[in-house]
Amino acid sequence: ILYLLGCGVPSCDSLESQLMQIRTGEGKSMILGAAACVLGLLGLKVRCVCYSDYLSNRDFNLFHDVFVHLEILELVKYSKITTLSEDTAAAKGDIRQLT
């Protein structure tokens, strides 16, 4: 988590678009939830993505009450990676007009 937040990274001046791979059994749900809390408390929007709707919803629900208690619920979003791609494309405008 500290590396993800820029600790120990030479000349790291941005938390934008950080990506981290966590292997099986290393506690993805807990690491992502804790990182989302820290970033949310700093006032940053957080997007946690997964390949599975089921896992994404499960992880979000695991931390939902914590997000509410910390008053960061509106800053944290969990979704499938395909949803992130769709949202990113949609934010750039109408895909039909852009191509």
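Which residues make up the largest nonpolar core?

Guide: Happy to! First, how to read the model: this is a predicted structure, in which local features need pLDDT of at least 70 and side-chain atom pairs count only at pLDDT 80 or more, while totals for chains, interfaces and linings use all residues. Residues are numbered from 1 along each chain as its sequence is written, and side-chain values use heavy atoms, with hydrogens and water left out.

Your core has ten residues: Ala 36, Cys 37, Leu 39, Val 46, Cys 48, Phe 63, Phe 67, Ile 72, Val 76 and Tyr 78. Here a nonpolar core is a set of buried Ala, Val, Leu, Ile, Met, Phe, Trp, Tyr and Cys residues joined through side-chain atoms within 4.5 Å. Buried means under 20% relative accessible area, exposed means over 50%, and partly exposed lies in between (1.4 Å probe, protein chains only). Two or more core residues come from each of α1, β1 (46-50), α2 (53-69) and β2 (76-80). Helix α1 gives the largest share, three residues. In soluble globular proteins, nonpolar side chains tend to be buried together.

Helices (H or I, at least four residues) and strands (E, at least two) are DSSP runs, numbered from the N terminus. Of the 99 residues in the chain, 24% are buried. Contact means heavy atoms within 4.5 Å, and among contacts between residues at least 6 apart in sequence, 65% join residues at least 24 apart.

Now to the aromatic members of the core. Phe 63 and Phe 67 are both buried, and both sit in helix α2, four residues apart, about one turn of the helix. Rings of Phe, Tyr and Trp (its six-membered ring) pair if their centres lie within 6.5 Å, and planes under 30 degrees apart count as stacked, over 60 as edge-to-face and the rest as tilted. That rule gives four aromatic pairs. In one of them, Phe 63 and Phe 67 have ring centres 5.9 Å apart and planes at 25 degrees, so this pair is stacked. Ring pairs also link Phe 60, Phe 63, Phe 67 and Tyr 78 into a cluster.

Next, follow the chain into the loop between α2 and β2. Glu 71 belongs to this loop and has a positive phi of about 60 degrees although it is not a glycine. Glu 71 is exposed, with 64% relative accessible area. Leu 75 lies in the loop between α2 and β2 as well, yet Leu 75 is buried at 19%. Leaving aside neighbours within four places in sequence, Leu 75 is in contact with Gly 40, Gly 43, Leu 44, Lys 45 and Val 46. Leu 75 and Arg 47 are 28 residues apart in sequence, but their C-alpha atoms are 8.5 Å apart in space.

A salt bridge is a side-chain nitrogen of Lys or Arg within 4 Å of a carboxyl oxygen of Asp or Glu, and the whole structure has four of them. One joins Lys 77 to Asp 87, with the closest N and O atoms 3.4 Å apart. Because Lys 77 lies in strand β2 and Asp 87 in helix α3 (residues 81-91), the pair ties together parts that are ten residues apart in sequence. Both partners are partly exposed, Lys 77 at 40% and Asp 87 at 30%. Salt bridges with shared partners join Arg 47, Lys 77 and Asp 87 into one network. Another salt bridge pairs Arg 58 with Asp 59 (2.9 Å, N to O); Arg 58 is partly exposed at 40%, whereas Asp 59 is buried at 9%.

Val 38 is in helix α1 (residues 28-41) and is partly exposed at 35%. With Leu 42 and Leu 44, Val 38 forms a nonpolar surface patch of about 250 Å² accessible area together.

How values were computed: Patches are made of residues with over 30% relative accessible area and no salt bridge: like charges are joined within 9 Å, nonpolar side chains (Val, Leu, Ile, Met, Phe, Trp, Tyr) within 5 Å. Accessible areas come from the Shrake-Rupley method with a 1.4 Å probe; for residues, only the protein chains shown count as cover.
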